[in-house]
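The stops below are given in the order in which to select them.

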Amino acid sequence: MAATACADPAALLGTGLPQVRNTGRRRPFGHLALAAFLLAQCLDGVLTYVGVAAFGMGVEANPVIAGLMTHLGHGPGLLSAKMIAACLGITLHCLQVHEAEAALTGFYVAAAIGPWMLILLF
């Protein structure tokens, strides 16, 4: 075997691996879904921080976020959770699972941003 046989799937497996990634034209829906998802994460982070600063930790309904904010501090705990969520959203975008990313964005708007807006503005 040649020195490059380890990097060549056809030499190891006998056939080439199928192409998983869509190499066709770019779909603007995916970019829009990613931008909306990241914007929703930013808005949720800012509104959560303002809400917790104004009303205390008891107003945060997510026990994971509340635990992170309690143990790491309000800013670092919230930032770490939002960065993980953003990285997972970018992973969905790279895997071209744009419909799931758009559905998660709608969920964030309905279940996180909407309630915070009601609490903070009314």
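Select His 98, which is found in helix H5 (residues 98-121); helices here are DSSP runs of H or I with at least four residues, numbered from the N terminus. His 98 counts as buried because its relative accessibility is 6% (buried is under 20% relative accessible area, exposed over 50%, partly exposed in between, with a 1.4 Å probe and protein chains only). Leaving aside neighbours within four places in sequence, His 98 is in contact (heavy atoms within 4.5 Å) with Phe 29, Gly 30, Ala 33 and His 93.

This is a predicted model, in which local features need pLDDT of at least 70, side-chain atom pairs count only at pLDDT 80 or more, and totals for chains, interfaces and linings use all residues. Residues are numbered from 1 along each chain as its sequence is written, and side-chain values use heavy atoms, with hydrogens and water left out.

Next, select helices H2 (residues 28-55) and H4 (residues 74-94), which pack at about 170 degrees with their axes 10 Å apart. Axes are lines fitted to C-alpha atoms, for helices over the stretch in contact, and angles run from 0 to 180 degrees between N-to-C directions. H2 is therefore roughly antiparallel to H4 (over 145 degrees). Residues making the contact include Gly 30, Leu 34 and Thr 48 of H2 and Leu 78, Ala 85 and His 93 of H4.

Finally, select Val 59, in the loop between H2 and helix H3 (63-72). Val 59 counts as partly exposed because its relative accessibility is 24%. Not counting residues up to four places away in sequence, Val 59 touches Gly 51, Val 52, Trp 116 and Ile 119.

How values were computed. Helix = DSSP H or I, 4+ residues; strand = E, 2+ residues; numbered from the N terminus. Parallel < 35°, antiparallel > 145°, perpendicular 65-115°, else oblique.
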